[in-house]
Amino acid sequence: MKIAMIGSGYVGLVSGACFADFGHEVVCVDKDPSKIDKLERNIMPIFEPGLASLVERNVDGGRLSFSGDLKASVKDCDAVFIAVGTPSRRGDGHADLSYVYAASEEIADAITKPTVVVTKSTVPVGTGDEVELILSKKLDANQFAVVSNPEFLREGAAIDDFKRPDRIVIGAEIEWAKDVMSEIYRPLFLNESPILFTGRRTAELIKYAANAFLATKITFINEIADLCEKVDADVQEVSRGIGLDNRIGSKFLHAGPGYGGSCFPKDTLALLKTAQDNESPVRIVEAVVQVNDQRKRAMGRKVIHALDGNARDKKVALLGLTFKPNTDDMRDAPSIAIAQTLVDAGATVSAYDPEGMEVAVELMPDVKMMESSYDAAAGADAVVIVTEWDAFRALDLAKLSSTMSGKALVDLRNIYHPADVARSGLKYTSIGRN
């Protein structure tokens with residue numbers, strides 16, 4: 001099938017490359033000429049394991065191309081996916097849908113045959129209705145169908161998630177649109193990936209509800225970790241004990257400094273606004289957002305406590321800056337609030353991250369970026385593991401200790417065993433363990 005992907009960011013590029021790998025003819029469209037130029041030279045705008053080779057293979061195979069011309073790209077397509085950004089709107093926290101609506105206007109001018117217009121972007125309930133209205137002003141009803149097809153991709157594992165999904169959610173109101181979507185995803189039938197057909201509004205809500213629930217699990221175990229520290233319990237054992245219950249499951253029950261990234265912060269906020277507008281508040285999600293915001297600076301205070309309560313004129317090294325490993329995404333990363341808390345307390349902060357420093361340097365002007373973990377730790381009074389990159393899981397703790405001025409190791413991801421750290425002479429602080 002012939003597919004146009006409007007937006008060549010994280011979702012659009014990964015989805016477009018994967019669809020092309022299924023054998024479809026895909027063009028990824030973007031208004032940024034420099035991004036298109038880089039993609040044509042196989043320079044990825046994001047770090048995602050395996051993406052560059054996937055793109056290169058499908059470009060060489062003639063199945064994937066890039067363009068800045070939306071009208072020419074959409075012409076004669078069977079399906080057009082809208083995969084543009086929906087950031088939180090300044091002032092009120094609602095999702096900013098201006099990019100989605102602008103793309104819809106352009107698509108309406110470009111369609112030349114019956115086409116399925118698919119919202120792949122994360123959008124509030126009712127957005128598909130508005131897209132349908134925009135298209136109907138310029139097109140007859142038999143020329144298009146609007147479908148919701150939310151994405152469930154984890155940064156750092158997006159390609160595998162796309163090709164081996166837990167489920168595919170398709171919100172469609174018209175039968176021929178369901179047929180087109182079934183054909184697009186037919187290659188996944190071999191993996192027996194379940195396709196859930198729903199109403200369009202239901203599909204839109206599924207995405208927000210799923211992210212809010214996962215954010216709730218993360219925040220729940222983080223609060224249990226705080227309780228563990230007060231009552232001398234071990235949060236890792238608590239997590240394992242409840243995660244073995246099949247009704248709960250073990251995923252997203254790892255204590256840490258709070259969630260960040262491109263999805264959970266903005267999606268939980270957008271869900272709150274949707275609920276408030278419809279006079280059906282979601283109190284649990286309200287608490288989740290509040291607790292997560294407070295936790296990030298609390299982790300900075302935890303580091304200060306490890307420095308005997310005084311960070312002034314102390315040096316602190318942060319290992320890991322991105323919100324999770326295997327990505328360069330710094331959006332709402334806990335490291336930002338942690339670093340600012342330490343700087344506010346008078347500390348000097350250095351940092352190392354395998355992929356995120358180019359982005360981080362713009363967001364953290366008071367933090368000195370270093371070439372390696374040990375360079376960052378040199379002369380430090382405390383080293384803080386913020387992101388659980390594999391590169392930090394097997395540090396030479398004795399070498400780390402010898403390069404430091406102080407002996408505080410604050411492990412905000414619980415990737416080390418206290419006994420191993422003790423043998424190196426470091427003073428260990430973890431999350432939810434004493």
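Asp344 lies in helix 13 (residues 334-344), where helices (H or I, at least four residues) and strands (E, at least two) are DSSP runs numbered from the N terminus. Asp344 is partly exposed, with a relative accessible area of 46%; buried means under 20% relative accessible area, exposed over 50% and partly exposed in between, computed with a 1.4 Å probe on protein chains only. Between the C-alpha atoms of Asp344 and Gly300 there are 10.0 Å in space, although the two are 44 residues apart in sequence. The model is a predicted one, in which local features need pLDDT of at least 70 and side-chain atom pairs count only at pLDDT 80 or more, while totals for chains, interfaces and linings use all residues. Residues are numbered from 1 along each chain as its sequence is written, and side-chain values use heavy atoms, with hydrogens and water left out.

The nonpolar interior is described next. In soluble globular proteins, nonpolar side chains tend to be buried together. A nonpolar core is here a set of buried Ala, Val, Leu, Ile, Met, Phe, Trp, Tyr and Cys residues joined through side-chain atoms within 4.5 Å. The largest such core has 57 residues, and those with the most contacts inside it are Leu318, Leu342, Val383 and Leu409. When residues up to four places away in sequence are not counted, Leu342 touches Gly300, Val303, Ile304, Val316, Leu318, Ala347 and Val349, a contact being heavy atoms within 4.5 Å.

The structure holds nine aromatic pairs; rings of Phe, Tyr and Trp (its six-membered ring) pair if their centres lie within 6.5 Å, and planes under 30 degrees apart count as stacked, over 60 as edge-to-face and the rest as tilted. One of the pairs, formed by Phe19 and Phe162, is edge-to-face, with 5.1 Å centre to centre and 85° between the planes. Because Phe19 lies in helix 1 (residues 10-21) and Phe162 in helix 7 (residues 158-163), this pair ties together parts that are 143 residues apart in sequence. Phe19 is buried, with a relative accessible area of 0%, and Phe162 also counts as buried, at 6%. Tyr352 and Phe392 form another edge-to-face pair, at 6.2 Å centre to centre and 75° between the planes. Tyr352 belongs to strand 10 (residues 348-352) and Phe392 to the loop between strand 12 (382-385) and helix 16 (397-403), so the pair ties together parts that are 40 residues apart in sequence. Both Tyr352 and Phe392 are buried. One aromatic cluster is formed by Phe19, Phe22, Phe81, Phe162 and Tyr185.

The strands complete this account. Strand 7 (residues 168-171) directs Ile168 and Ile170 one way and Val169 and Gly171 the other way, and all are buried. Strand 7 pairs with strand 8 (residues 195-198) in the parallel sense over four bridges, two strands being paired if DSSP finds at least two bridges between them. In this pairing Val169 stands opposite Leu196 in strand 8. Together with helix 8 (residues 175-184), strand 7 and strand 8 make a right-handed β-α-β unit; a crossover is right-handed if, with the strands pointing away from the viewer, the path from the first strand over the helix to the second runs clockwise. Elsewhere, Thr119 is placed in strand 5 (residues 115-119) and counts as buried at 1% relative accessibility.
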